[in-house]
Amino acid sequence: LRELAILSGMPPEMQLPVSQPTLPPFEEYAVLMKEIFASRMLTNDRWVRELEAQAAAYIGCREVVALANATSGLVLVPKVLGLTGEACLPTFTFPATLHAILWNGMKPRLVDSDPETFNIDPSALEAALTSGAKTVLPVYIFGNSPDWARLTPLIEKRDLVFISDAAHALGSRWEGRMAGMFGKAEIFSLAPTKVTVAGEGGLVATNDQALARELRIARNYGNPGNYDCVIAGLNARLSEFHALLAHLCLARTEEAVDRRHALVSRYRSALEGLPGCSFQKIDPRCRSTYNYFAVLIESDRFGLTNAELHDALEAEGIQSKIYFAPPLHRQTRFTHLFEGQGPFPGAEQVLSRVLCLPLYQHMEDAVVDRIVEIVRACHARAGEVREATRRKRIGRSVEEVVSSVLGRPVDRAKAGALDLRDLGLGSLRMIQLLSELEERFSIKVRDEQVTGENFGTLDRLVRFVEAQAGKGKP
Ligand SMILES: Cc1ncc(COP(=O)(O)O)c(C=O)c1O
């Protein structure tokens with residue numbers, strides 16, 4: 001292994017996204033796309049019907065309705081069912097789960113998550129349900145099934161409607177049954193970060209044929225055919241081009257999930273035993289799609305936090321993600337909706353440790369080995385890496401403040417050696433810059449130190465803040 005990029009300042013060796021769609025051979029798509037052109041039927045036609053039938057057969061459910069994306073499915077299912085009142089959902093999820101509730105004028109009630117599986121905590125859900133909520137939106141976090149053995153009995157016991165956000169879970173199984181077979185309806189995403197992709201697209205799986213029939217109307221403005229609309233629908237149709245791509249990808253979903261399992265085993269056995277590094281717990285009754293591969297980083301033992309490891313990997317050109325941050329209860333615009341709800345210690349525990357590493361089915365084994373080697377090296381030199389990532393964060397932050405004061409982006413790599421005045425920082429702006437730096441870093445900057453000769457360049461300003469910030473709060 002060459003020196004870590006975060007320590008040496010060397011440019012990255014590679015650029016690896018955290019996820020990337022795996023596509024069928026272009027020729028296979030092109031031949032069939034030609035037929036779409038010839039037919040001039042661009043939406044909601046043959047390939048949409050084919051995809052729906054193929055997905056229903058794959059899942060084993062009665063009906064699948066194809067939509068423009070999963071979000072429209074999450075919005076339309078409660079709409080068609082006429083649901084009102086409170087809906088329970090985990091705080092640790094993607095924002096679209098919440099948006100679906102808000103678009104339906106329902107009231108969200110957040111539920112804590114299991115810190116190991118990341119899924120909705122069944123006991124916390126039971127406690128939340130005492131408020132009278134009749135709707136529950138469990139989420140398959142990264143493809144891991146919610147605990148259906150504990151959730152399913154609640155449906156009858158309390159007369160609930162379960163609608164799953166199964167965006168990550170096309171191909172997941174629970175005790176051998178496919179995701180798509182639980183609750184009232186389960187909604188999958190075919191967006192580019194998913195295992196099976198359409199470009200943009202979504203699928204609603206249900207055994208309720210009336211629901212499916214009404215969804216097909218609702219996705220078409222609510223127009224049953226005579227423009228005498230029966231519901232305030234959406235245009236949520238899936239185009240033929242997207243349906244065709246999804247059809248070709250779905251034929252390969254099983255193979256894709258198998259390949260992801262092989263890659264995850266490789267990651268796990270190579271990372272096993274690394275102090276402070278563990279994994280999302282997949283219930284043994286579940287076969288996850290591993291839409292994301294999540295490690296848990298315990299900073300005391302690993303030597304770095306998940307955020308610090310993220311920054312060190314970024315310097316290597318390896319994208320990783322702290323998903324889903326911020327959780328719903330910390331979404332700036334929505335916190336007022338959750339007054340009196342919480343705390344959510346399980347979700348917070350996940351967030352302080354989780355890091356999703358690159359995974360896609362066309363990834364080569366050697367790439368996993370390389371990522372593991374770098375993660376191990378980060379642990380081995382944790383002290384130095386921590387200091388370097390701290391400096392990098394401060395540098396980035398100072399850059400951000402300077403950019404906002406100037407009203408244009410400033411890149412330290414390009415402008416670092418330039419005099420601050422040459423960047424356009426006259427005395428008024430300099431005063432504004434100083435007070436913003438003081439606030440952001442909880443430091444005290446004396447005017448003469450900044451405006452005087454002792455640091456006239458952006459690089460020197462960054463070094464000054466680094467030294468000051470080191471004296472106070474980390
Ligand atoms: C858990 C979850 N739910 C819902 C969605 C929304 O899916 P779509 O982009 O297809 O609307 C996503 C998107 O990534 C997601 O991760």
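This note sets out several points on the structure above.

1. **Basis of the model.** The model is predicted; local features need pLDDT of at least 70, side-chain atom pairs count only at pLDDT 80 or more, and totals for chains, interfaces and linings use all residues. Residues are numbered from 1 along each chain as its sequence is written, and side-chain values use heavy atoms, with hydrogens and water left out.

2. Which residues are around the ligand? They are Asn69, Ala70, Thr71, Phe94, Ala96, Asp165, Ala167, His168, Ser189, Ala191, Lys194 and Gly201; a residue is near a molecule or strand if one of its heavy atoms lies within 4 Å of it. This shell divides into five nonpolar, five polar and two charged residues. Here Ala, Val, Leu, Ile, Met, Phe, Trp, Tyr, Cys and Pro count as nonpolar, Asp, Glu, Lys and Arg as charged, and the others, Gly among them, as polar.

3. **Polar atoms facing the ligand.** An N or O atom in the side chain of threonine 71 is 2.6 Å from an oxygen atom of the ligand. For lysine 194, a side-chain N or O atom is likewise 2.6 Å from a ligand oxygen, while a polar side-chain atom of histidine 168 lies 2.8 Å from an oxygen atom of the ligand. The protein covers 90% of the 390 Å² of accessible area that the ligand has on its own. Accessible areas come from the Shrake-Rupley method with a 1.4 Å probe; for residues, only the protein chains shown count as cover.

4. **Arginine 219.** Arginine 219 lies in the loop between α8 (209–218) and α9 (240–250). Helices (H or I, at least four residues) and strands (E, at least two) are DSSP runs, numbered from the N terminus. Is arginine 219 buried or exposed? Arginine 219 counts as buried because its relative accessibility is 6%; buried means under 20% relative accessible area, exposed over 50%, and partly exposed in between (1.4 Å probe, protein chains only). Its side chain has a polar atom 2.8 Å from the backbone oxygen of alanine 66. Residues touched by arginine 219, not counting those up to four places away in sequence, include Val48, Glu52, Leu76 and Leu234; contact means heavy atoms within 4.5 Å.

5. **Asparagine 44.** The side chains of asparagine 44 and arginine 219 are joined by a polar contact of 3.3 Å. A polar contact is a pair of N or O atoms within 3.5 Å; within protein, one must be able to donate a hydrogen and the other to accept it, and residues adjacent in sequence count only if both atoms are side-chain atoms. Asparagine 44 is found in the loop between α2 (26–39) and α3 (46–59), and its phi is positive, about 55°, although it is not a glycine. Asparagine 44 counts as partly exposed because its relative accessibility is 25%.

6. **Backbone exceptions.** Most residues other than glycine have a negative phi, and most peptide bonds are trans. Serine 442, in the loop between α17 (427–441) and α18 (447–451), has a positive phi near 45°. A cis peptide bond joins alanine 325 and proline 326, with omega about -5°. The bond from glycine 342 to proline 343 is also cis, with omega near 5°. Proline 326 lies in the loop between α12 (306–315) and α13 (345–351), and proline 343 lies in the loop between α12 and α13.
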